[in-house]
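Please have the viewer open as you read.

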Amino acid sequence: MLETNQPDLLFSDASSLYDDALEILEQGRLPNASEKAWDATKRATGGLILARTGREPRTSGQTIRQLQQLRRQNPSLEPLRLQYALRQSFLHGACFYDGILEPADAIIADVRETLGYIRDAEAMAVVQGS
């Protein structure tokens with residue numbers, strides 16, 4: 001895992017992972033595309049957390065706990081927190097690990113919507129007054 005103190009590098013990594021997810025999706029490898037989209041989601045969330053706290057989470061557990069803590073400080077992060085949890089459960093858990101690949105159109109939409117998640121996380125990484 002790339003360790004950095006620069007959120008921009010994490011967002012860049014998230015965008016590269018998203019590009020990989022699209023390429024894999026075009027190959028028809030839905031489970032792998034789901035996992036790459038999840039990886040992109042996690043990296044973007046790590047960038048948000050790093051930007052706001054100065055610390056990059058190392059595990060998924062740390063990520064969700066820190067995201068919950070940030071949401072308590074700033075309720076506008078609630079939609080992103082919910083999206084993160086849903087993407088973790090669906091893309092990472094159900095699709096990749098459990099092999100639940102139906103409905104395929106919903107999975108494809110979630111993979112493609114990862115770019116929006118990355119952009120939202122990046123926008124929310126900017127702390128007012130910084």
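In which helix does R81 lie? R81 belongs to helix 4, which covers residues 78–97; helices here are DSSP runs of H or I with at least four residues, strands are runs of E with at least two, and both are numbered from the N terminus. Before going on, a word on the source: this is a predicted model, in which local features need pLDDT of at least 70 and side-chain atom pairs count only at pLDDT 80 or more, while totals for chains, interfaces and linings use all residues. Residues are numbered from 1 along each chain as its sequence is written, and side-chain values use heavy atoms, with hydrogens and water left out.

Is R81 buried or exposed? With a relative accessible area of 14%, R81 is buried, because buried means under 20%, exposed means over 50% and partly exposed is what falls in between (1.4 Å probe, protein chains only). Not counting residues up to four places away in sequence, R81 touches I64, L67, Q68 and R71, where a contact means heavy atoms within 4.5 Å.

Now step back to the whole chain. The protein has six helices and zero strands, so read from the N terminus its elements run α-α-α-α-α-α. Its C-alpha atoms fill a box of roughly 45 × 25 × 20 Å along the principal axes. The radius of gyration is 14 Å, which agrees with the value near 14 Å for a compact globule of 130 residues; this radius is taken over C-alpha atoms, and the globule rule is 2.2 Å times the number of residues to the power 0.38. Of the 130 residues, 38% are buried. Among contacts between residues at least 6 apart in sequence, 64% join residues at least 24 apart.

What holds the middle of the picture? In soluble globular proteins, nonpolar side chains tend to be buried together. Here the largest nonpolar core has 29 residues, and A44, L48, Y84, V111, Y117, I118 and A121 are those with the most contacts inside it. Such a core is a set of buried Ala, Val, Leu, Ile, Met, Phe, Trp, Tyr and Cys residues joined through side-chain atoms within 4.5 Å. Helix 1 (7–26), helix 2 (30–53), helix 3 (60–73), helix 4, helix 5 (104–112) and helix 6 (114–124) each supply at least two of its residues. The largest share, eight residues, comes from helix 2.

Leaving aside neighbours within four places in sequence, A121 is in contact with F11, A44, L48 and L80. The C-alpha atoms of A121 and L48 are separated by 5.8 Å, although the two residues are 73 apart along the chain.

Q66, found in helix 3, counts as buried at 15% relative accessibility. Beyond its neighbours within four places in sequence, Q66 is in contact with I49, R55 and P57.

Most peptide bonds are trans. The bond joining E102 and P103 is cis, with omega about -5°.
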